[in-house]
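Here are my notes, as promised, after going through the model.

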Amino acid sequence: MLKENSMFFKQHSSVIACLICSTVLSSPLVAVAATVADKKTPNVVTKRSPTKERKQGNAALAAPSMMGATAPTDEHIDVRGHMRDIGDGVTGRAFGGGLMTPTDAPKSVSAITRDYIAKQNPALNPMQLIRLLPGANVSNQDPLGMTGGHISVRGLTESQMGFTLEGFPINDIGNFAVYPQEIVDSENLSTVKLAQGSADLDSPHISSSGGVVDMYMIDPKKKMGGHVNMTYGSYNATRGFARFDTGYIGNTNLRAYFSYSQGRQDHWRGPGYENKKHGEMKIVNDWGDGNRVSLAVVGNNLENNAYPSVTKANWNQYGIGVDNVPGQKNPSGNTVYARYYTKGDTNYYKFRPNPFTNIYASMPSTFKLTDHLVLTETPYFWYGYGNGGGAQSNNANGNMTYGAQSNLTGLINGQVPTGALLYNPSLTETYRPGATTKLTWTAGPNRLMVGYWFEYSKQRQTAPYSAISDDGTPLNMWGDSNNLILSNGVKAQYRDTLTQTQVHTPFIGDSLSLFHNKLTIDAGLKYAIVKRNGTNYLPDVDRKYVSTNYYQALPTAAIRYKINQNHQIFASVATNFRMPQNYALYDSGSYNSTDKTKAPGYNNKANPNQKSEISISEEAGWRYQGDLISSSITYFHYNFTNRLYQQTIINENGQTYSTNINAGGAHSDGVDAEIGTRPIHHLRPYISFEYLHAVTDSNLPAASGTDYVKTKGKAAPQAPAYQVGFGLDYDDGHRFAGFDLKYVAKQYSTFMNDEHIPGYVLMNINVGYRFPKFGIFRSPTIRLNLQNISNNRYLDWVNASQVNAKNTVGVFGSNVTGKSPTYTISSPFAAIATISSDF
């Protein structure tokens, strides 16, 4: 690895030397004028009439509340001052180098802005960008963020949180997973907000038993122009991005931008690659005093090969398992990943191409009906189609079956399959329209909001078996052709379902502002009504049709008091919920009819009677927001009931199968804190901290079904007790540099706390220089991002937690066999160089 890094610096020494020399020799830019940020909204929208431009805002929407917020914009203008755009949206003035923004929300909220985003590796996905914020425990598998990643906040993973882009939900409607590499290009990101504790009243989520992440895209520029950049780095990483801004179109308020990016990289561990094509557009029309219509569209096409996960034993014995040269094994010749290279093996890397196509569209719009009444409407639609790859072996004994049929024998394109191996990806196709509508009425100190969220989605999920070519690769990586057709004319499937989900969520909230806005009291209620209808097309299933209904009242309350201009205290309580995943409704997998060690029927059995996971979160905190320093500290407490969990069960006959269960309760307590400054001699430090004590309150069922594992009182998995983030930004207008560090304490990977991954430290550096205007290029910039500068090798995520890793004795004295958790390995050192400019 060190040899490869030295080769990279040797090959690119001239570029790096030029960057360092220009940084040292350049003269500083005239200092940017200081300003005090508006504490009501991150930015104030500027609007243009055919004859003049003027600053405008919407006081009703800007008021601090848990009931919702307006989207920030890229117009760096403050009511009480001016923020210049140095280039790519950077102001040079944001707290903590862009890792903090002023807020009056009566709950914990952290955010990053363009001042931070624009200096990072431009290929990073939104999860990676927020990793320094309090409580954000983020995995990092590759230098360009194309293999996705995971996040936990206060011990809750992304499938227990809500994610929105421009006001619409992007969690998968079935299993609530989030794929951050598909969402948005960082060049078009204005702000990413992390509310660690709870969703707003108008947040469109049925999966957020924890906090939410809200992402907002920049607005189109007022003048015609755009932005371009090119990136090259370790592991043959290449990426290009281009955006064109129309400016105001004619003598109207209409403006738009269109962007496209494409990136590719080789795997740093083993064979494989990622290739991503991504397009975005946003159109905005604003007029009058607070009226605005916008349309955001995102399209994404991605191909990647999944990195293999590891057990702790494999990690301790083999480390990363392979050299960095694709296709070669370690000198031992006995690597655990040998199967990853072997044609004809179910783990062969070409069986895991993970192709996916997404189209997102959202139209958040605001209409000022009267001086006191505002209508906000956010219709949206998203479409997704793709799979995660996979293969199954159908050996001579016919161990793969389809329903009660004893063997998978049939035809592919009229021919009998010649091999024993079949490609078996898990295909998902989703159609998801919806809309959130709300009316906000303001009268004196009172603000009343009434709204309704509706969504109707259809998700078709299949897993057909298809042919393998002579070179060991799938004939079609999508898996939707060259399929296995049985003698009865039916296409063989591992799963075959249709899920239709209807969401009806009315909500109402009231906010009362007293003593000249020093005291704000919020109270609200939303009522989630969710109906799911499912059809299982597999043969011989226990339930062909299933219908479930979920009704959940979700009250919230909050209070915020401004002691003076700089100090404020707040407290809040909220009820959150997360529905069971849709796969809990269906039998699926391999059908067992003759194997005496497995239960008859499918090896994944439905449990449509699961209850929703419920959490009650409480927060109390203090903020100081001055001209130079911004800080906050928050105490939080959670209570959970009906935790959702997937369990392997052994029935009374000693036969195994998997199903979904409710795993009792849990609670957690902790403290979040952060502090950042505006420039002090061009330096802007930032520090975040979290202490978390998360505990399982129940003994979990053992696989035998007749005993329980002694998990009560144990620390929860994926809940590190300590996290510390540190960032230091230097920016004099021409030269800029940054250093950041994240420490994450050890994380248990089992509920019994008998296996864990050690704590780790990740450190990154960025350095760059802005050149004077050159021709059409307004802000030519070169920067270098060095990631994981210590080349630390560590496990950074618990991919699949277990009840117990080691054999143990149950509550009633029976022996409970352990099962090994699996983990992902963090990306090593990488150097990423980027040249960019506005034009």
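1. Is Tyr-708 buried, partly exposed or exposed? Tyr-708 comes out as partly exposed, since its relative accessible area is 37%, between the cut-offs of 20% for buried and 50% for exposed. Keep in mind throughout that we're looking at a predicted model.

2. Next, the ring partner of that tyrosine. The rings of Tyr-708 and Phe-812 have centres 6.3 Å apart and planes at 85 degrees, so this is an edge-to-face pair. The link runs between distant parts of the chain, 104 residues apart: Tyr-708 belongs to strand E40 (residues 708-709), while Phe-812 sits in the loop between strand E48 (808-809) and strand E49 (815-816). Phe-812 counts as exposed, with 60% relative accessibility.

3. There are 19 aromatic pairs in the structure. One of them is Tyr-360 with Trp-382, edge-to-face with 5.5 Å centre to centre and 75 degrees between the planes. Tyr-360 is in strand E18 (residues 356-362) and Trp-382 in strand E20 (residues 373-387), so this pair ties together parts 22 residues apart in sequence. Both residues are buried: Tyr-360 has 3% relative accessibility, and Trp-382 has 4%.

4. Arg-154 lies over the face of Phe-636, 3.9 Å from the ring centre. Arg-643 does likewise over the face of Phe-640, at 4.8 Å from the ring centre.

5. On to charges, where the structure has 28 salt bridges. In one of them, Asp-115 pairs with Arg-684, and the closest N and O atoms are 2.8 Å apart. Asp-115 lies in helix H4 (residues 114-117) and Arg-684 in strand E38 (residues 683-696), so the bridge ties together parts that are 569 residues apart in sequence. Both partners count as buried, Asp-115 with a relative accessible area of 2% and Arg-684 at 0%.

6. What does Arg-239 form a salt bridge with? The partner is Asp-185, with 3.2 Å between the closest N and O atoms. Arg-239 is part of strand E14 (residues 237-245), and Asp-185 is in the loop between strand E10 (168-169) and strand E11 (189-195), so parts 54 residues apart in sequence are tied together here. Arg-239 is buried at 6% relative accessibility, and Asp-185 is buried at 2%.

7. Asp-266 and Arg-264 also meet through their side chains in a salt bridge, at 2.8 Å from N to O. Asp-266 has a relative accessible area of 18% and is buried, whereas Arg-264 is partly exposed at 32%. Separately, salt bridges with shared partners join Asp-115, Lys-119, Arg-684, Asp-729, Asp-731 and Arg-770 into one network.

8. Ile-633 is in strand E34 (residues 629-641) and is partly exposed, with a relative accessible area of 39%.

9. A couple of backbone angles to check. Asn-482 isn't a glycine, yet its phi is positive, near 55 degrees. You'll find Asn-482 in the loop between strand E25 (446-464) and strand E26 (484-486), and at 19% relative accessibility it counts as buried, under the 20% cut-off. Asp-540 has a positive phi too, near 60 degrees. Its place is the loop between strand E28 (519-536) and strand E29 (545-562), and Asp-540 is partly exposed at 44%.

10. Finally, the whole chain. The secondary structure comes to 7 helices and 51 strands. Of the 839 residues, 60% count as buried. Among contacts with a separation of 6 or more, 71% are between residues 24 or more positions apart. The chain exposes about 31300 Å², with 58% of that supplied by carbon and sulfur atoms.

Technical notes. Residues numbered from 1 in each chain as written. Predicted model: local features only at pLDDT ≥ 70, side-chain atom pairs only at ≥ 80, totals over all residues. Heavy atoms only, no water. Phe/Tyr/Trp six-rings, centres within 6.5 Å; stacked < 30°, edge-to-face > 60°. Helix = DSSP H or I, 4+ residues; strand = E, 2+ residues; numbered from the N terminus. Buried < 20%, exposed > 50% of the residue type's maximum accessible area, 1.4 Å probe, protein only. Lys NZ or Arg CZ within 6 Å of the ring centre and 35° of its normal. Contact = heavy atoms within 4.5 Å. Areas by Shrake-Rupley, 256 points an atom, 1.4 Å probe, with all protein chains shown as cover. Salt bridge = Lys/Arg side-chain N within 4 Å of Asp/Glu carboxyl O.
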